[in-house]
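Me: Got a model open here and want to talk it through. Can you take my questions one at a time?

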Amino acid sequence: MIQTLVQRAAQKDAESFIRLMEEYKQPMQKVAYGFFQNEEDVADAIQQTVLDAYEHIGELKKAAYFKTWLIRILINNCNQLYNSKKQVFTGLEAVEQTYFDAYPCDNAFFSLLSTLHKEDRTIFVLYYAQGYTTKEIGKMLGIKESTIRSRIHRGKEQIRKKVLREEWA
């Protein structure tokens, strides 16, 4: 079904493209909220991603990789917007509030993520919240799969140590 929609969208079928965007709206929001503290920036990043995807969908080589391709575009757009605003990422406090309004069950997860570096948070969101494999994340971010696994391992250790310190405090 998705591959058929992608193929039709690649032929500039607007209805198919709209259905694809509706299908992947929530995963895009989850990734974008990992970068930004407010809804406006999330909306800007997603809007730019939708425009870029529509303009370049004909360049997608395999329809099966549409989601990975779309999320990669989103990550690039988030990075560009983040850098253009010269924001200092101070943690996930504001992100948590906005994100938890939509996804309240993820409160503990995002609270723990605030201890990680921005790049590692992106990997954790893609791996744990979105369910991507390390291979898929590696393709999206242009990083070796072994590096992704190492960052996940180090991040888990960092979080584990934080949890243990707080339990004993």
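Me: Thr122: buried or exposed?
Reply: Buried. This is a predicted model, and in it Thr122 has a relative accessible area of 11%. The cut-off for buried is under 20%, so Thr122 counts as buried.

Me: Which helix is Thr122 in?
Reply: Thr122 is in helix H8.

Me: And what does Thr122 touch, not counting residues up to four places away in sequence?
Reply: Phe35, Ile75 and Leu141.

Me: Why can Phe124 and Tyr128 pair up along one helix?
Reply: They are four residues apart in H8 (residues 118-129), which means a separation of about one helical turn. An α-helix has 3.6 residues a turn, so residues three or four places apart point the same way.

Me: How many aromatic pairs does the count come to?
Reply: Five. Another of them is Phe66 with Trp69. Their ring centres lie 5.7 Å apart and their planes are at 45°, so this pair is tilted.

Me: Where are Phe66 and Trp69?
Reply: Both are in helix H5 (residues 66-85). They are three residues apart, so about one helical turn separates them.

Me: Phe66: buried or exposed?
Reply: Buried, with a relative accessible area of 1%.

Me: Which residues form a cluster with Phe66?
Reply: Tyr24 and Trp69. With Phe66 they make one aromatic cluster.

Me: Switching to charges. What sits over the ring of Tyr54?
Reply: The charged end of Lys12. It is 4.5 Å from the ring centre.

Me: Now helix H2. Which of its residues are buried?
Reply: H2 covers residues 14-23, and its buried residues are Ser16, Phe17, Leu20 and Met21. They span an arc of only 140° around the axis, so they lie on the same side of H2.

Me: Ser16 is polar-looking on that list. How buried is Ser16?
Reply: Its relative accessible area is 3%.

Me: What does the side chain of Ser16 make a polar contact with?
Reply: The side chain of Asp13, at 2.6 Å.

Me: Beyond neighbours within four places in sequence, what is Ser16 in contact with?
Reply: Leu5, Arg8 and Ala9.

Me: Zoom out. How many helices and strands in the protein chain?
Reply: Ten helices and zero strands. From the N terminus on, the elements run α-α-α-α-α-α-α-α-α-α.

Me: What share of the residues is buried?
Reply: 43% of the 169 residues in the chain.

Me: Last one. What share of contacts comes from residues 24 or more positions apart?
Reply: 62%, taken over contacts with a separation of 6 or more.

Definitions and conventions
Residues numbered from 1 in each chain as written. Predicted model: local features only at pLDDT ≥ 70, side-chain atom pairs only at ≥ 80, totals over all residues. Heavy atoms only, no water. Helix = DSSP H or I, 4+ residues; strand = E, 2+ residues; numbered from the N terminus. Buried < 20%, exposed > 50% of the residue type's maximum accessible area, 1.4 Å probe, protein only. Contact = heavy atoms within 4.5 Å. Arc of directions from axis to C-beta. Polar contact = N/O pair within 3.5 Å; in protein donor to acceptor, adjacent residues only side chain to side chain. Phe/Tyr/Trp six-rings, centres within 6.5 Å; stacked < 30°, edge-to-face > 60°. Lys NZ or Arg CZ within 6 Å of the ring centre and 35° of its normal.
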